[in-house]
Amino acid sequence: MDTEVIESAIVGKIVIGWNSLGDLRGWVDELSPFKVGVLTNDVVAKFWLDAVLQSLDGDISLFLVRDGEDAKSIETAIEIWSKMIKNGFTRKSLLIGLGGGVITDLAGFVASTYMRGILLILIPTTLMAQVDAAIGGKTGVNFIGKNIIGTFYPPNVVLIDPQTLQTLPREEYLNGLAEVAKYGIIMDRNFFEYLEENARAVLAQDKDIVTNIVKRCVMLKVQVVEEDLRESDKRRILNLGHTIGHGIESASNYRIKHGFAVSVGIVVCCLIAEKLLGFRETDRVIGLLETLGLPTRHNLDPKRIMEAIKVDKKAWYGRQVMILPERIGSVRIMEVPEDLILEALTEVAN
Ligand SMILES: NC(=O)c1ccc[n+]([C@@H]2O[C@H](COP(=O)([O-])OP(=O)(O)OC[C@H]3O[C@@H](n4cnc5c(N)ncnc54)[C@H](O)[C@@H]3O)[C@@H](O)[C@H]2O)c1
């Protein structure tokens, strides 16, 4: 299958193809960096660092951080900046971020701030990072709250090799599938149908199907990010299920993963949309999510989720602006009263 290259001023150059990691050298040479560094964590390094290092030569600096969300911190950024200075990184140097969303967010942040911005290549290795985190130029670290400190910084190249997903734990793959299904519901009915028809192959991680879905999701995200420039707030539609999802994550003390919480959040939005927009396709959405191995119900106290949502959204006036589907493939942004949210959360409680 051909490698696809998408280019735009706000998202940078995005290269998607099975085995595209083998082309890294060419993309690096095109940037002619003074020095090159690779930022990754110990888990990803075990599987993919050799492949990256093999395509580079010369003196490569390695910035190895611990696995997990905690690595996305100012302290880690300081460690990397310090090592960059020690290793003589200049404004014309290149940082390569190899890993999931934690690493791509951190690499983007470090690269955008070091000497007011250096060259950046992202190699996302989770489904979540390939279809979402590495696309669109948002970078950040956690500080007191999640993603409080960050920048917008389009990478020079995002190199997406769906082959890297083969070493991903099953749970992480499913976690990313919630975001994949989201794209179909918010803006692409044909894609939703494609996922329904190919669910078995998606779950089996068929090479062509996975490459196709990554390509499609990237194109859809790029489209939203570009439209956001003309129609501000367009980007908000990407948050379908996320307000409820964050509430579920928080009420579960983060035992429930982001994608799984978003999956339940999407169902809650469908139920609310039935009442406010006459949405009639909830069963179909639930059907796809369940076929993809995603949860559609929760075991938590709906009132606790509601409290967590209120804490998350500082400006709470008894109503919440939410993304609601009017049909599969199209959404509206609407204010929703608290009692409707609580009712829907109760309907999907076990
Ligand atoms: N910037 C954005 O627009 C944006 C959008 C969505 C999410 N995010 C951020 O992304 C982060 C979550 O990203 P994530 O879900 O990728 O989590 P993650 O980066 O923690 O990766 C999940 C796990 O998979 C491991 N892993 C990564 N690639 C692997 C591979 N190929 N094989 C084996 N193991 C592998 C990681 O080490 C980690 O243990 C959050 O911090 C979130 O805020 C950012």
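1. Because the model is predicted, local features are considered only where pLDDT is at least 70 and side-chain atom pairs only at pLDDT 80 or more, whereas totals for chains, interfaces and linings use all residues. Residues are numbered from 1 along each chain as its sequence is written, and side-chain values rest on heavy atoms, with hydrogens and water left out.

2. The ligand is surrounded by 27 residues, a residue being counted when one of its heavy atoms lies within 4 Å; Asp67, Gly101, Thr125, Thr126 and Thr167 are the closest. This shell splits into nine nonpolar, nine polar and nine charged residues, where Asp, Glu, Lys and Arg count as charged, Ala, Val, Leu, Ile, Met, Phe, Trp, Tyr, Cys and Pro as nonpolar, and the others, Gly among them, as polar.

3. Polar contacts here are pairs of N or O atoms within 3.5 Å. An oxygen atom of the ligand is 2.8 Å from a side-chain N or O atom of lysine 146, while nitrogen atoms of the ligand lie 2.9 Å from a backbone N or O atom of threonine 164 and 3.3 Å from a polar backbone atom of alanine 133. Of the 870 Å² that the ligand exposes when taken alone, the protein buries 87%, by the Shrake-Rupley method with a 1.4 Å probe.

4. An automatic or database assignment divides the chain into domain 1 (4–166) and domain 2 (170–347), and each of them gives at least three residues to the shell around the ligand. The C-alpha centres of the two domains are 27 Å apart.

5. Between the domains, 21 residues of domain 1 are in contact with 24 residues of domain 2, contact meaning heavy atoms within 4.5 Å. About 2100 Å² is buried there, 74% of it from carbon and sulfur atoms, the area being what both parts together lose on being joined (1.4 Å probe). Leu127, Met128 and Val131 supply 29% of the area that domain 1 buries against domain 2, more than any other three residues.

Terms used. Polar contact = N/O pair within 3.5 Å; in protein donor to acceptor, adjacent residues only side chain to side chain. Buried area = accessible area lost by both parts, 1.4 Å probe.
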